Amino acid sequence: MGFINTKDFSHAQADKIGVLLTNLGTPDEPTPKALKRYLKQFLSDPRVVEVPRLLWWCILNGVILNIRPRRSAKAYATVFTEQGSPLMFHTVQQTQAVQAALKEAGHENIVVDFAMRYGNPSFASAIERLMAQGVRKLLVLPLYPQYSASTTASSFDELARDFMQRRWIPDFRFISHYHDYPAYITACANRIREHWQVHGQADKLLFSFHGIPKRYLLNGDPYHCECYKTSRLIAEQLGLSKTQYLTTFQSRFGREEWLKPYTDETLKALPSQGVKSVQVFCPGFSADCLETIEEIGEENKEYFEHAGGERYEYISALNDRADHIAALCQLITDNLQGWQVSADPERLARAKTLNSQEVK
């Protein structure tokens with residue numbers, strides 16, 4: 001079999017450290033065709049849908065991909081801007097900000113890039129860009145604070161597939177979660193405090209996380225526990241009592257039971273319990289996207305107000321806030337401990353010798 005070789009490779013190239021930020025992904029444009037392509041890749045991942053492959057292939061290709069792309073395209077059209085998909089431009093901004101902050105801190109030999117698990121830019125293209133710049137040590141940071149096999153592990157799978165085909169494998173480190181990392185918790189608490197300074201507090205604060213099937217929890221996935229720990233740590237920084245906040249789960253799909261309590265059902269029930277104002281924050285999303293802007297910011301607001309709620313506010317994600325970028329940089333440098341790169345004089349000398357022999 002052939003292996004992936006680095007284009008225009010030179011042994012005289014100085015070694016560098018690479019940092020790859022990854023996120024879920026987004027369709028290239030809000031059209032049914034683009035959504036069908038994106039959803040097929042996303043929903044074909046066995047980490048995302050743990051159903052016997054033949055059965056799921058029939059459901060996916062015979063039903064879902066003939067119905068959902070058009071519906072999803074309409075939803076995406078409401079959040080796309082001149083900059084494109086919110087998740088895309090926020091991730092670009094985060095990558096640029098992390099690169100600038102690391103450079104300002106004196107890390108001239110660190111190269112930062114990003115990739116999307118589904119859609120573009122692909123993991124393979126990002127790794128190729130990093131390797132072409134001389135990256136020989138690679139740290140990968142999936143921007144999922146809470147670990148789940150359906151997100152974090154899927155990212156690892158995609159990296160492994162690329163490495164299996166590559167001639168030169170870099171030294172490799174992988175951050176699987178940072179749900180209780182102090183700087184991340186502080187950034188979340190700061191974001192909520194800033195919202196309170198402008199709007200005041202509501203009767204209840206909801207921490208809404210993306211859901212997964214309950215079956216995954218029972219099979220050993222730690223996601224549920226990590227979400228609850230994140231909520232507790234943020235609430236403690238904010239000085240909230242247990243009655244002042246809730247942890248809920250959004251975006252369920254299909255008929256089986258998912259992690260509870262469900263965000264939408266909770267919001268429909270709260271007004272009848274005397275809760276007339278709520279604020280919702282999504283700590284599991286490092287950047288705003290369709291699910292935070294449209295599902296939480298609009299759809300769930302309608303549920304709450306229709307049920308008798310009077311005041312509903314979505315608190316935006318951390319995106320490229322300075323304290324979020326500082327937290328990511330601290331997390332990165334903590335995980336780069338012991339890694340150093342510099343030009344290898346012996347290798348450079350040999351490379352020069354080889355080059356001179358080729359010229360002759």
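1. Let's start with F172. In this predicted model, F172 is partly exposed, with a relative accessible area of 28%. Now look at where the partners sit: F156 is in helix α5 (residues 149-165) and F172 is in strand β4 (residues 171-174), so the pair ties together parts that are 16 residues apart in sequence.

2. F156 and F172 belong to one aromatic cluster together with F163 and F174. Across the model, the count of aromatic pairs comes to 12.

3. R136 lies over the face of W168, 4.1 Å from the ring centre. A second example is K268, whose charged end sits over the ring of Y303 at 4.4 Å from the centre.

4. Next comes Q146, which you will find in the loop between β3 (135-142) and α5. Is Q146 buried or exposed? With 3% relative accessibility, Q146 counts as buried, because the cut-off for buried is under 20%. Its side chain makes a polar contact of 3.0 Å with the side chain of T230. Setting aside neighbours within four places in sequence, the residues in contact with Q146 are T152, H179, Y184, F209, Y223, E226, C227, T230, P283 and G284.

5. T263 is placed in helix α9 and counts as buried, at 1% relative accessibility. Which side chain joins that of T263 in a polar contact of 2.8 Å? The partner is S208. When residues up to four places away in sequence are not counted, T263 touches S208, T248, F249, Q250, I296 and N300.

6. Now for a pair of helices. Two packed helices are described by the angle between their axes and the distance between the axes. Here, helix α6 (residues 182-199) packs with helix α11 (residues 322-335) at an angle of about 175 degrees, and the axes are 9 Å apart. That makes α6 roughly antiparallel to α11, because angles over 145 degrees get this description. From α6 the contact uses A183, Y184, A187 and N190, while α11 supplies D323, H324, A327 and Q330.

7. Two peptide bonds deserve a check in your viewer. N120 and P121 are joined by a cis peptide bond, with omega about -5 degrees. P121 is in the loop between β2 (110-119) and α4 (123-132). The bond from K260 to P261 is cis too, with omega near 0 degrees. For P261, look in the loop between β6 (245-250) and α9 (263-269).

8. S251 is not a glycine, but its phi is positive, near 65 degrees. S251 is in the loop between β6 and α9, and it is buried, with a relative accessible area of 18%. N319 is not a glycine either, and its phi is positive at about 45 degrees. Where does N319 lie? N319 is found in the loop between β8 (311-315) and α11, and N319 is buried as well, with a relative accessible area of 8%.

9. Finally, visit Q337, in the loop between α11 and α12 (345-359). Q337 has a relative accessible area of 56% and is exposed, because exposed means over 50%. A polar atom of the Q337 side chain lies 3.1 Å from the backbone oxygen of T333. For a sense of distance, compare Q337 with D221: they are 116 residues apart along the chain, and their C-alpha atoms are separated by 28 Å.

How values were computed: Residues numbered from 1 in each chain as written. Predicted model: local features only at pLDDT ≥ 70, side-chain atom pairs only at ≥ 80, totals over all residues. Heavy atoms only, no water. Phe/Tyr/Trp six-rings, centres within 6.5 Å; stacked < 30°, edge-to-face > 60°. Helix = DSSP H or I, 4+ residues; strand = E, 2+ residues; numbered from the N terminus. Buried < 20%, exposed > 50% of the residue type's maximum accessible area, 1.4 Å probe, protein only. Lys NZ or Arg CZ within 6 Å of the ring centre and 35° of its normal. Polar contact = N/O pair within 3.5 Å; in protein donor to acceptor, adjacent residues only side chain to side chain. Contact = heavy atoms within 4.5 Å. Axes fitted to C-alpha atoms, helices over the stretch in contact; angles between N-to-C directions. Parallel < 35°, antiparallel > 145°, perpendicular 65-115°, else oblique.
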